[in-house]
Amino acid sequence: MLVKSSEKVQSLEPANTAKSSGVVTSSKDSANNLWKNKIVAKQEQVQVLTNWSIRGALSQELAKAEQSEATIRNLFIGLERLAQQLNTQAANTKPQAMQQRGISSQITMLQNTASRKGSGLDAQLRTNDPSRPITRQLNANMDLISKRPHDENIQLLMGRSGKSLNLSLPANQDERANFSAVQSAFSQHQISVELSRENRLLFSAKKENAGPLLEPWVISGQGVRVAAGNPISLQLNDIDNPLNELAKIADKNASIQEHRDRIQNAQRHLKANLMKVQAKRQQLLAQLQQLDTASSLDNSEALTNLSSNAKQQMLSAGANSVSVIMAQANVTRNMVQYSLN
């Protein structure tokens with residue numbers, strides 16, 4: 001009997017051990033599931049916050065585009081009012097003294113509208129674009145492309161950048177060949193050269209290569225253009241936008257027809273940029289719509305692609321218009337509320 005009793009006790013031990021092991025395994029599984037659920041919840045939260053962040057950035061760019069569009073429309077309307085005032089006079093006449101002061105005052109107001117902080121336009125009355133090349137023009141008194149009767153050799157030092165070039169222009173070489181020589185010389189420094197309507201040289205470079213355009217140049221050499229002797233300092237100038245050109249016409253009290261021509265030129269310029277702004281606004285609206293669609297379908301891959309495209313196409317932040325600030329504030333408020341829940 002003692003043996004049987006012993007055997008009975010031994011037969012119960014494996015059962016107790018198995019039951020205990022089952023309890024431990026169940027606890028581990030619950031802990032793992034809980035941990036996994038927390039990770040999934042965290043990932044979902046990050047995805048939602050990322051979605052809001054992308055949407056906020058797109059909304060900010062949309063607000064900036066709308067601000068640019070509003071500024072362009074205001075400038076166009078102001079120019080239209082000025083044109084209507086001038087249409088009552090003969091084209092070959094000049095404004096009277098009082099009228100001239102009134103015209104200059106209206107142009108100044110338009111210039112202030114275009115240049116105020118948050119207008120959404122750059123100095124050339126175009127939408128702000130950090131990736132756009134920087135352009136400067138050579139002083140009208142310096143001529144590097146006209147045909148001259150003597151050989152010329154010009155040395156040019158471009159500010160503190162340390163960049164320099166030599167320009168050789170043979171005697172009696174025509175303007176096209178001289179211009180080509182200038183383009184070739186500057187291309188070595190990633191600077192492109194064009195001619196303006198006034199036959200002035202325009203120098204353009206991407207932001208990372210534009211340092212030489214922002215500092216005075218020192219030019220020396222031999223010939224008619226640059227007389228032998230002391231080096232001459234040159235300062236490149238900003239390009240006049242259409243409003244500035246109109247202001248110059250008003251200051252010299254040109255004819256009514258010249259005023260009209262400049263006004264029409266400014267309006268054409270504004271209309272061309274308005275079309276670009278409207279195209280960008282439609283693009284941003286389409287991106288927002290795609291983002292909403294991808295979000296509603298919980299398509300993480302689509303959201304990732306949209307995020308990448310948005311980063312490439314959007315400009316850097318910096319506009320201080322009320323609409324931009326409100327867009328940022330609304331997104332920030334939603335993100336904070338979500339994080340606290």
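This is a predicted model: local features need pLDDT of at least 70, side-chain atom pairs count only at pLDDT 80 or more; totals for chains, interfaces and linings use all residues.
View 1. Residues are numbered from 1 along each chain as its sequence is written, and local features need pLDDT of at least 70, side-chain atom pairs count only at pLDDT 80 or more, and totals for chains, interfaces and linings use all residues. Side-chain values rest on heavy atoms, with hydrogens and water left out.

View 2. Arg281 forms a salt bridge (a side-chain nitrogen of Lys or Arg within 4 Å of a carboxyl oxygen of Asp or Glu) with Glu69, and their closest N and O atoms are 2.9 Å apart. Arg281 belongs to helix 5 and Glu69 to helix 1, 212 residues apart; helices (H or I, at least four residues) and strands (E, at least two) are DSSP runs, numbered from the N terminus. Both Arg281 and Glu69 are buried, buried meaning under 20% relative accessible area, exposed over 50%, and partly exposed in between (1.4 Å probe, protein chains only).

**View 3. The salt bridge of Asp238 and Arg136.** The closest N and O atoms of this pair are 3.0 Å apart. Because Asp238 lies in the loop between strand 7 (232–234) and helix 4, and Arg136 in strand 1, the pair ties together parts that are 102 residues apart in sequence. Asp238 is partly exposed, at 48% relative accessibility.
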